[in-house]
Amino acid sequence: MKTALITGITGQDGLYLAEHLTANGYSVYGLVHGQNNPRLSVVERIVPGVEFVEGDLLDQSSLIAALETCQPSDVYNLGAISFVGLSFKQAVLTGEVTGLGVVRVLEAIRTVNKEIRFYQASSSEMFGKVRETPQNEQTPFHPRSPYGVAKVYGHYITLNYRESYNLFACSGILFNHESERRGHEFVTRKITNGVAKIKLGMQKQLALGNLDAQRDWGYAGDYVRAMHLMLQQDAPEDYVIATGETHSVREFLEVAFSHAGLKWEDHVVSDPRFLRPAEVDLLIGDATKARTRLGWQPTVSFPALVARMVDNDIRLQEAALRRGVEEL
Ligand code: NAP
Ligand code: G4F
């Protein structure tokens with residue numbers, strides 16, 4: 001039986017990946033940071049077989065100890081401060097966790113077992129002020145946030161350890177992917193949760209920032225399949241994972257509100273607090289390499305993704321109303 005260690009198991013992707021690996025016969029460990037992490041019970045409920053090991057991307061010795069305990073064949077490094085907005089406010093911490101955290105995991109692998117296969121969660125945010133459209137594996141990077149800069153470091157240090165120490169280390173350059181499990185700080189979930197509350201009379205307005213930004217939004221469940229496929233190849237390489245379609249935040253609003261029988265113009269207000277010091281205007285990925293080499297393709301369309309997120313949030317908020325508390 002293969003054993004995988006996932007950092008960031010309590011996040012959106014960690015949960016989907018744990019489910020996918022468990023279903024494929026892996027023994028799965030999740031690295032958990034902090035004490036009494038409230039998200040652990042969610043992981044335990046959804047993927048009962050997962051075991052937990054303590055560790056923090058800020059703490060080198062805890063990562064070495066975690067690898068010694070789990071003896072994994074594969075490590076997926078999904079842990080990060082992943083919210084771009086927060087990265088502007090906590091730039092140094094973002095560099096430490098999202099950037100230097102990667103080299104700490106790679107050093108732990110080099111120390112404990114060089115045969116471990118390694119996946120790094122790189123991001124389309126690295127393309128930033130894009131140099132070409134659509135973006136592929138050769139497109140130069142121009143990050144626009146402390147998060148994007150930290151991810152560029154993580155990307156290149158993964159490549160460097162592959163070339164320097166012959167590690168099986170891959171980066172997936174993943175474009176935005178969303179789901180019912182997306183954190184409420186990200187625009188898609190903020191919108192679908194807002195739609196649900198407006199529909200049920202719990203809220204009247206939704207305050208947002210830049211509606212013109214365009215993103216290539218896919219479904220998270222599809223994207224974790226690609227992570228796993230990358231580690232099954234004969235040679236370690238980097239892959240862009242994307243749908244090849246782009247939509248503006250405004251289009252997301254239109255689809256989400258109309259799915260619930262509402263008009264977004266009646267409810268959305270502009271709030272400068274949600275504008276960023278520098279913005280990524282347009283992302284659209286070219287996943288030709290992943291399609292041809294990994295046989296990967298997305299299965300959930302943009303309207304279907306929006307609809308399932310809205311339906312889920314309406315269900316959750318209805319249940320919260322029945323219980324008399326707001327659903328967290
Ligand atoms: P997420 O929901 O924000 O999850 C981030 C995870 O990182 C959480 O489990 C968090 O743990 C953990 N973490 C934070 N600080 C840590 C630390 N110091 N040590 C160990 N773990 C720490 O992110 P996601 O959407 O699942 O994304 C997974 C990865 O893919 C991230 O690296 C993200 O940057 C990258 N990515 C995401 C997308 C996307 O569209 N979702 C696209 C490209 C790349 P707690 O919850 O316990 O704090
Ligand atoms: O949902 P977002 O916060 O995601 P963003 O910045 O694209 O980052 C996500 O995708 C990256 C991949 O490209 C990941 F690497 C990263 O970890 C994360 O998962 O914002 C999307 C767009 C931005 O242009 C933002 O300015 O929506 C715009 N926006 C407008 N109003 C807003 C809001 N974003 C948020 N979070 N909240 C708003 O009120």
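1. On conventions, residues are numbered from 1 along each chain as its sequence is written, while chains are lettered from A and ligands numbered from 1 in the order in which they are written. Because the model is predicted, local features need pLDDT of at least 70 and side-chain atom pairs count only at pLDDT 80 or more, whereas totals for chains, interfaces and linings use all residues; side-chain values use heavy atoms, with hydrogens and water left out.

2. Helix α5 covers residues 91–112. Helices (H or I, at least four residues) and strands (E, at least two) are DSSP runs, numbered from the N terminus. The expected span of a helix is 1.5 Å times one less than its number of residues.

3. The buried residues of α5 include T94, V97, T98, R104 and I109. Buried means under 20% relative accessible area, exposed over 50%, and partly exposed in between (1.4 Å probe, protein chains only). Among the elements that cover the buried residues of α5 are α3 (60–70), β4 (74–77), α4 (84–89), β5 (117–123) and α6 (146–165).

4. The count of aromatic pairs comes to 11. Rings of Phe, Tyr and Trp (its six-membered ring) pair if their centres lie within 6.5 Å; planes under 30 degrees apart count as stacked, over 60 as edge-to-face and the rest as tilted. One of these pairs joins Y161 and Y165 edge-to-face, at 4.9 Å centre to centre and with 70 degrees between the planes. Both residues lie in helix α6, 4 residues apart, about one turn of the helix. Y161 is buried, with a relative accessible area of 7%, whereas Y165 is partly exposed at 33%.

5. W217 and F252 also form an edge-to-face aromatic pair, at 5.3 Å centre to centre and 65 degrees between the planes. W217 lies in the loop between β9 (214–215) and β10 (218–219) and F252 in helix α9 (residues 249–259), so the pair ties together parts that are 35 residues apart in sequence. Both W217 and F252 are buried. Elsewhere, ring pairs link F127, F141, Y156 and F175 into a cluster.

6. Two arginines are placed over aromatic rings. The charged end of R117 sits over the ring of F168, 3.7 Å from its centre. R308 lies over the face of Y219, at 4.2 Å from the ring centre. The criterion requires NZ of Lys or CZ of Arg within 6 Å of the ring centre and within 35 degrees of the ring normal.

7. The peptide bond from T133 to P134 is cis, with omega near -5 degrees; P134 is located in the loop between β5 and α6. N36 has a positive phi of about 55 degrees although it is not a glycine. N36 lies in the loop between β2 (27–32) and α2 (40–46) and is exposed, with a relative accessible area of 75%. Q71, likewise not a glycine, has a positive phi of about 45 degrees and belongs to the loop between α3 and β4.

8. Two alanines in strands may be examined together. A121, in strand β5, counts as buried at 14% relative accessibility. Leaving aside neighbours within four places in sequence, A121 is in contact with N77, L78, K151 and G172. The C-alpha atoms of A121 and Y16, 105 residues apart along the chain, are separated by 14 Å.

9. A207, in strand β8 (residues 206–208), is partly exposed, with a relative accessible area of 22%. With neighbours within four places in sequence again set aside, A207 is in contact with K190, V269, D271 and F274. The C-alpha atoms of A207 and S270 are separated by 5.6 Å, although these residues are 63 residues apart along the chain.

How values were computed. Contact = heavy atoms within 4.5 Å.
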